[in-house]
Amino acid sequence: MKKYRLPSLSLRRKIIIILSCYVFGILVMTMASQEDLYKAQEKLEVVELAYSLHSIILEVRRYEKNFLLYGTTEALNENHKQLDLALETVENIKTQVSRFKAYPLLVELKKQILSYQGAMKAFSTEFVRISESGQRVFPGNARYPGDAVENLPKNGEMVDNLRFEGQEMTVTSEELVSFEHLQIRSILNQLIEQLLVWSLVAITIGIFMPLIMSLKIFKPLRVIKAATEDIARGRFSKIEVLNTRDEMQQVMEAFNTMVHELELRQNQLVQSQKLSSIGTLTAGIAHQLNNPLNNISTSCQIALDDFDAGDQAMIRKMLGNIDQETCRARDVVQGLLEFSRTRDFEVAPVNLLEVVKRSLSLVKSQVPANVVLTVDISEHLVLPMDAQRVQEVLLNMIINAVQAISGEGQVAISAWENRDGNEAIIEIRDSGEGIPEEIQDRLFDPFYTTKEEGKGTGLGLSIAYGIIEKHRGRITVESSPGHGASFSIHLPLTSTPENV
């Protein structure tokens, strides 16, 4: 059964989707919160009206009590006015709570107000007569509207009914206020919960967005950055391609392709530099071969001349000379062939003094008579190295040291162990003119040279730097104008997984 794979998205689309989801979440949170805020605002207006209605009903009850206690017509008139105001307020509230849960409670309150109003009218008509002109006529000794009505009953069925209706109306108005209070509190609690939830969502997204960005973008970039730094140090190692299925994966794959091509080009440059070094050494090698060939030729002539005389001792001596000079010529050619042969990088324990001697045998013909070469290396110093490549480093650096000397001078090659640093230090010191401080940091840059045009490619020290870096070592330089230069090669005393 074929597995379904999600379509790959570009990095730009992934970022847009993540940001869109974040913005959409904020918009949803804002809209939901805004709706609750509007609802709470409406509820607050209703509560204000409910409070006002409750206060009006309390005023109605207060004037009711005053009328029952003192029988003043002013209290009765105010009672009627407050009842009319209460009904008007109820109508105002009804227009706003028609879609709220409090609507049935408000309808019930209106019925109770009308019922109370009817009970009050029934009670007051027993003691107050309305004339044809619309003026109230009070019985007893109440001659003016502001006078008190005497003999009002303090108890009885009508009074009890009036008080009962008033109590019901008051209780319902209190319930209305309490109900709206609870509704507002519920909305605010709901709003707080929503804000808490959305805040947690926003915080979660805020945490995971950088994490995703780090995994999808910054981590690959850090890997590429580290790999480019390795390239700058001469290490051409491929990076692990992360399966991001976007441009970053393509960049990493392209980077590995580039590393492969750079490695090939470097190998070509190394070989080119090696051929250049061979060209430099050819004249000296020819001179080194010329001496044993002359000796061979001379020994042959002497042997031929003495052959007829039968002097076997002389002939044997000449044949020995021929054999010795032949081996000498063979060693010179073999050293050159070993140096020019291309091999895979391979680290093995090698005697350092032997490598230095082979390097000197190849470069000896390039050393002027007024330049003295000295070697101070223990014959027991064995290091894990690729002998051929370290020999190439030594050749380049010895030739550079010799060429830095004008006139008489000395090139000293020494080596010692630094147990504290678990390394061996090879020092090549010359008595030349020295290196200006401002160019010392550029000595190991590819194609940088201080020699005249046509006398150097600027690759020797760069390649040497890369070779030593591949051994997990380092090269340092100390120099000041007029006091020569000292190049130190630091190589590990023991093999590590990286250089094995």
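The structure is a predicted model. The residue is Ser 359, which belongs to helix H7. The strand is S7, which spans residues 423-430 and pairs with strand S6 and with strand S9.

**Ser 359 in helix H7**

- Helix H7 comprises residues 352-363, and Ser 359 is placed within this helix.
- Ser 359 has a relative accessible area of 0%, and because buried residues are those under 20%, Ser 359 counts as buried.
- A polar atom of the Ser 359 side chain lies 2.9 Å from the backbone oxygen of Val 355.
- When residues up to four places away in sequence are not counted, Ser 359 touches Gln 391, Leu 394 and Leu 395.
- Glu 392 stands 33 residues from Ser 359 in sequence, while the C-alpha to C-alpha separation of the two is 7.8 Å.

**Strand S7 and its cover**

- Strand S7 is mostly covered, with 7 of its 8 residues buried.

**Pairing of S7 with S6**

- Strand S6, residues 409-418, pairs with S7 in the antiparallel sense over 8 bridges.
- Within this part of the model, Glu 417 has Ala 424 of S7 as its bridge partner.
- S6 and S7 form a hairpin in which 4 residues lie between the two strands.
- In the turn of this hairpin, Asn 422 has a positive phi of about 50°.

**Pairing of S7 with S9**

- Strand S9, residues 485-492, pairs with S7 in the antiparallel sense, again over 8 bridges.
- Pro 492 in S9 stands opposite Glu 423.

Technical notes: Residues are numbered from 1 along each chain as its sequence is written. This is a predicted model: local features need pLDDT of at least 70, side-chain atom pairs count only at pLDDT 80 or more; totals for chains, interfaces and linings use all residues. Side-chain values use heavy atoms; hydrogens and water are left out. Buried means under 20% relative accessible area, exposed over 50%, partly exposed in between (1.4 Å probe, protein chains only). Contact means heavy atoms within 4.5 Å. A polar contact is a pair of N or O atoms within 3.5 Å; within protein, one must be able to donate a hydrogen and the other to accept it, and residues adjacent in sequence count only if both atoms are side-chain atoms. Two strands pair if DSSP finds at least two bridges between them.
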